[in-house]
Number of protein chains: 2
Amino acid sequence: MHALGRHIIAELYGCDKEVLNNRELIEKIMVESALKAGAEVREVAFHKFSPQGVSGVVVISESHLTIHTWPELGYAAVDVFTCGERVDPWQACNYITEMLKASHMTTTEVKRGLFEQPVKVANL
Amino acid sequence: MHALGRHIIAELYGCDKEVLNNRELIEKIMVESALKAGAEVREVAFHKFSPQGVSGVVVISESHLTIHTWPELGYAAVDVFTCGERVDPWQACNYITEMLKASHMTTTEVKRGLFEQPVKVANL
């Protein structure tokens with residue numbers, strides 16, 4: 001089977017609470033991680049919750065990155081979904097993990113868009 | 001274990017190609033699906049690719065919904081990630097599946113943010 005994309009589901013625990021609650025910094029880390037993976041950034045939308053927590057997404061030509069943070073728990077839910085061979089989602093994931101100073105994590109890689117034959121798509 | 005959220009990963013095949021390539025309609029379907037699930041919409045960002053395909057995200061108070069479409073394959077990769085008990089991600093997922101006229105699909109539900117004790121968080 002041939003997959004259109006790879007989707008990393010990352011659970012980051014024991015993160016730096018100050019970082020998790022800083023919208024500007026989280027946005028910068030997520031955009032930077034996309035660029036480090038070799039992705040092309042298309043749309044960026046981040047939101048700061050009251051009294052705490054940040055949610056955000058970076059839409060890339062190759063799919064998306066998302067993050068939701070719970071500073072009070074030191075936890076962040078991160079998704080990195082990339083299509084094509086040119087971009088490596090693990091580069092983004094590892095960078096985010098490092099910048100959030102996670103003490104432990106679990107990850108799952110899911111293949112998305114499975115087709116029996118190799119598929120030629122227009123955008124990649 | 002207690003989970004902060006539920007994340008549905010949906011692979012939709014055999015979808016209506018006209019719908020998949022219509023940015024305005026895809027955005028409308030995704031926002032409407034979030035509202036049907038009882039979610040509060042915070043940010044919306046959609047992008048139309050040339051020559052075809054739509055990517056987009058709806059950031060909700062309860063996490064996010066994303067979609068990436070490949071009209072040429074009749075395929076859409078959909079994620080519905082919701083936190084808290086008040087919102088039902090399956091309502092959103094089922095609505096999207098219906099509107100995209102998917103002929104077949106596979107779904108996986110992943111629990112996000114597992115903690116041994118029930119956690120009280122500020123936003124939900």
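**Exercise 1.** Is Arg23(A) buried, partly exposed or exposed, and what is its relative accessible area?

*Solution.* Start with the ground rules. This is a predicted model, where local features need pLDDT of at least 70, side-chain atom pairs count only at pLDDT 80 or more, and totals for chains, interfaces and linings use all residues. Residues are numbered from 1 along each chain as its sequence is written, chains are lettered from A and ligands numbered from 1 in the order in which they are written, and side-chain values use heavy atoms, leaving out hydrogens and water.

Next, the cut-offs: buried is under 20% relative accessible area, exposed is over 50%, and partly exposed is in between (1.4 Å probe, protein chains only). Arg23(A) comes in at 25%, so call it partly exposed.

**Exercise 2.** Find the salt-bridge partner of Arg23(A) and classify that partner.

*Solution.* A salt bridge needs a side-chain nitrogen of Lys or Arg within 4 Å of a carboxyl oxygen of Asp or Glu. Arg23(A) pairs with Glu24(A) at 3.8 Å, N to O. Glu24(A) has 53% relative accessibility, so it's exposed.

**Exercise 3.** Work out what the salt bridge between Arg112(A) and Asp79(B) joins.

*Solution.* First, the distance: the closest N and O atoms are 3.0 Å apart. Now place the residues: Arg112(A) lies in strand E6 (residues 104-115) of chain A and Asp79(B) in strand E5 (residues 75-83) of chain B, so the pair joins two chains. Strands here are DSSP runs of at least two residues, numbered from the N terminus. Finally, check burial: Arg112(A) and Asp79(B) are both buried.

Note on methods: Helices (H or I, at least four residues) and strands (E, at least two) are DSSP runs, numbered from the N terminus.
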